[in-house]
Amino acid sequence: MFRASLRSWLVLAVPVVGVLVLTYSATTPEPRADGDWRVAAEPLRDGPLSSGGTAQLSRCGVDEWPRPEPRGKAEQSKDPRLALTSWGYYDPGPKMPGEPRFTVHAALRTGDRPLVLDAPVAEGRVTLDFYGPHGEGVRASARGLTATVVDGGYMGKPLDVPASGRFRVDPGEELLLEVELPAGAVCPGHSLRDVSTCFPEGTNDAADCPMVTLTLSDPAIRAYRAGTADADAAGSFSDRLVAVFLEPDVSRV
């Protein structure tokens, strides 16, 4: 645990062994008691986001399994794979340019063959979901987002698109991605600042912290899994990569 100013990243890192690093903001609201969060009296409706994509507010408070049902063969195969690496809230403050942002970072890795993805990566085909602990349900949900390829770090610099118009991931290397959570996709009762807050905040138990699901789809993923560049021959193979942090029951993966 540590306290950080609004001008610093609040990062929830994702170690390989699954050890949780908890973050805390000095400006985060007081902890909620269980049951303080309530689904709106009137059903919420999905709506367009100003930055593109759709806020899935109709899912707010819905307690569901964080991994979506597979929609094709090999969706849970080893390669290629998508791994969450960190996420956090950043507020530049009144004296710096820019608006507060909440971003999620991930690494895309391939197997023994290169993976080539058209730029922008998974344009309009990225979904991001945050689930509160203890049955709270969805805290934020957006679909139709686009991943930005960055040059490392929590404040990674966006990479220029290669002259080929494609990003290539070679064996043993990784493509670092950043996805921004739009404020309009956060459910009532939460904000960008506290969407990843654990309850209770001083916990050392991963079960007290939110789960995060990031998915992206691309025809190149389907072709890779099918072992062919012929999209028609790929048939029923899945074109989607799914990364879930703190999946509660690995036996169901």
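Let me start with a term: buried means under 20% relative accessible area, exposed means over 50%, and partly exposed is in between, with a 1.4 Å probe and protein chains only. Asp 118, for instance, is partly exposed at 43% relative accessibility. We'll come back to that residue.

Two housekeeping points. What you see is a predicted model, where local features need pLDDT of at least 70 and side-chain atom pairs count only at pLDDT 80 or more, while totals for chains, interfaces and linings use all residues. Numbering runs from 1 along each chain as its sequence is written, and side-chain values use heavy atoms, with hydrogens and water left out.

OK, the overview. The protein chain has two helices and 15 strands; these are DSSP runs, H or I of at least four residues for helices and E of at least two for strands, numbered from the N terminus. Of the 253 residues in the protein chain, 46% are buried. Now contacts, meaning heavy atoms within 4.5 Å. Among those between residues at least 6 apart in sequence, 70% join residues at least 24 apart.

On to the sheet. Six strands make an open sheet in the order β4-β5-β10-β9-β14-β15, with antiparallel pairing. The edges are β4, residues 47-48, and β15, residues 240-245; each has a single partner strand, so one side of each is left without a neighbour in the sheet. Pairing here means that DSSP finds at least two bridges between the strands. β4 and β5 (residues 54-55) pair antiparallel over two bridges, and Gly 47 has Ala 55 in β5 as its bridge partner.

Elsewhere, β7 and β13 also pair antiparallel, over seven bridges, with Val 104 opposite Val 179 in β13. β13 is joined to β11, residues 148-149, by two bridges, again antiparallel. There, Thr 148 stands opposite Glu 178 in β13.

Now the charged pairs. How many salt bridges does a search of the whole structure find? The count is 16, taking a salt bridge as a side-chain nitrogen of Lys or Arg within 4 Å of a carboxyl oxygen of Asp or Glu.

One of them is Glu 174 with Arg 109, where the closest N and O atoms are 2.9 Å apart. That pair links distant parts of the chain, with Glu 174 in β13 (residues 174-180) and Arg 109 in β7 (residues 101-109), 65 residues apart. Glu 174 is partly exposed at 40%, and Arg 109 is partly exposed at 26%.

Back to Asp 118, as promised. Its side chain meets that of Arg 166 in a salt bridge, 2.9 Å from N to O. Asp 118 sits in β8 (residues 115-118) and Arg 166 in β12 (residues 166-169), so the pair ties together parts that are 48 residues apart in sequence. Arg 166 counts as partly exposed, at 44% relative accessibility.

Glu 136 and Arg 139: buried or exposed? Glu 136 counts as buried at 19%, and Arg 139 is buried at 3%. Their salt bridge has its closest N and O atoms 2.7 Å apart.

There's also a network of salt bridges linking Arg 59, Glu 64 and Asp 129. Asp 129 lies in β9, residues 126-132, and counts as buried at 5% relative accessibility. Its side chain and that of Arg 59 are joined by a polar contact of 2.5 Å; the term means a pair of N or O atoms within 3.5 Å, and within protein one must be able to donate a hydrogen and the other to accept it, with residues adjacent in sequence counting only if both atoms are side-chain atoms. Leaving out residues up to four places away in sequence, Asp 129 touches residues including Gln 56, Ser 141, Met 211 and Thr 213.

Last, the core. In soluble globular proteins, nonpolar side chains tend to be buried together. The largest nonpolar core here has 50 residues, and Phe 130 and Leu 181 have the most contacts inside it. A core is a set of buried Ala, Val, Leu, Ile, Met, Phe, Trp, Tyr and Cys residues joined through side-chain atoms within 4.5 Å. Not counting residues up to four places away in sequence, Leu 181 touches Phe 102, Leu 128, Phe 130, Ala 140, Val 186, Leu 192 and Val 195.
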